[in-house]
Amino acid sequence: MRIKFLFVALMVFSCSMAFSQGLDEVIVSEAPAITMKSLNSHLRLMEYALGTRLTTSQKEILINSIRKECSSMEPEERKAFLEADALVASMTTMPAKEMEIVKQILNNDYEENVRSDPTDQAAQLYTNVSNAVNSVVVSTASESFNLQSLEAYAEYLGFCRSLSGGEKKLSQTERDQLQKFLIDSFERFPLVKRRALSGFDGKWHLIRAGLQFCAKERSDSWKESLKNTVSGLATFKFQEMTLDVLIPEVLWSEIADAATETGETGLSWTASPAGLVW
């Protein structure tokens, strides 16, 4: 996806940001060198433009696409690519009004890329995630659950099952059954459970961040708890599972709060990310 780099915005905004853990991995060694820090900057800008957090599988699509593009860049293209770092850094202190201007510029740029090459993997990802963010699966008067949150929740369930050696990815049948279950049941969930599921794309990001960046002993304890929630399930039968198993909101909050202490956030801008969240 040929991202047009925001020279006007970059001329207006600048500051600094601390990066760590995996962000110094070299992607292209020729000067000017490209590291994972810059790939992460572009990933974060797409997340910001879309108003979501990408799932692990979505991130892999985007990162692999950008890696491929970087390998064939000329020096001037790499220099332009690296200017995304300055934009990301500037947004830690940018006023809300200017943030909205940047978001509009980004979305216009991404949409132009989609029109110019709709077959590109990153362009397709942008379109798919944009549609998912704007597709409400089920809602009540005060809470809603969109398709992007559903994808994040399905990935979360697969992750929990994989901790016991089970299949990491839900089958299409399981995923469809999950969607039907939520459509049929969401309105009957207690308010605390509906709120825990709402915006799960951001919560899943924080759960992953907490598991990655917190002390190993603490992280291992959480993983054991997550494993126990779906222990013994080769396939998910949602109608037979309790809400405490499906939506352990206290455990989610504990992990998310710990991730926030490391500098991570759900959907808002991160001042000093702890590292790459996978």
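Q: What makes Glu264 count as buried, and where is its place?
A: The place of Glu264 is in the segment after helix H14 (249-261); helices (H or I, at least four residues) and strands (E, at least two) are DSSP runs, numbered from the N terminus. Buried means under 20% relative accessible area, exposed over 50% and partly exposed in between (1.4 Å probe, protein chains only). Glu264 has 2% relative accessibility and therefore counts as buried. This is a predicted model, in which local features need pLDDT of at least 70, side-chain atom pairs count only at pLDDT 80 or more, and totals for chains, interfaces and linings use all residues. Residues are numbered from 1 along each chain as its sequence is written, and side-chain values use heavy atoms, with hydrogens and water left out.

Q: What joins the side chains of Glu264 and His205?
A: A polar contact of 2.8 Å joins these two side chains. The term covers a pair of N or O atoms within 3.5 Å; within protein, one must be able to donate a hydrogen and the other to accept it, and residues adjacent in sequence count only if both atoms are side-chain atoms.

Q: Why is Ser198 called buried, and what does its side chain approach?
A: Ser198 is called buried because its relative accessible area is 15%. The residue is found in the loop between helix H10 (191-197) and helix H11 (200-213). A polar atom of the Ser198 side chain lies 2.9 Å from the backbone oxygen of Arg194. With neighbours within four places in sequence set aside, Ser198 is in contact (heavy atoms within 4.5 Å) with Glu143, Ser144, Phe186 and Lys203.

Q: Which residues touch the most other members of the largest nonpolar core, and which elements supply at least two residues each?
A: A nonpolar core is a set of buried Ala, Val, Leu, Ile, Met, Phe, Trp, Tyr and Cys residues joined through side-chain atoms within 4.5 Å. The largest such core has 37 residues, and Ile34, Leu39, Leu45, Leu62, Cys70 and Met91 touch the most other members. At least two residues each come from strand E1 (26-28) and from helices H2 (36-50), H3 (56-71), H5 (84-90), H6 (96-116) and H7 (121-133). H2 gives the largest share, eight residues. A separate core of 36 residues includes Tyr156, Trp222, Leu226 and Leu251.

Q: What makes Phe81 and Leu106 buried?
A: Phe81, found in helix H4 (residues 75-82), is buried because its relative accessible area is 2%. Leu106 lies in helix H6 and is buried because its relative accessible area is 3%. Leaving aside neighbours within four places in sequence, Cys70 is in contact with Phe81, as well as with Ile27, Val28, Ile34 and Leu39.

Q: Why are H12 and H14 described as roughly antiparallel?
A: Helix H12 (residues 216-229) and H14 pack at an angle of about 155°, with axes 11 Å apart. Axes are lines fitted to C-alpha atoms, for helices over the stretch in contact, and angles run from 0 to 180 degrees between N-to-C directions. Angles under 35 degrees count as roughly parallel, over 145 as roughly antiparallel, 65 to 115 as roughly perpendicular and the rest as oblique. H12 and H14 are therefore roughly antiparallel to each other. Arg218, Trp222, Ser225 and Leu226 of H12 make the contact with Leu251, Glu254, Ile255, Ala258 and Glu261 of H14.

Q: What kind of peptide bond joins Ala31 and Pro32, and where is Pro32 found?
A: The bond is cis, with omega about -10°. Pro32 is found in the loop between E1 and strand E2 (34-35).
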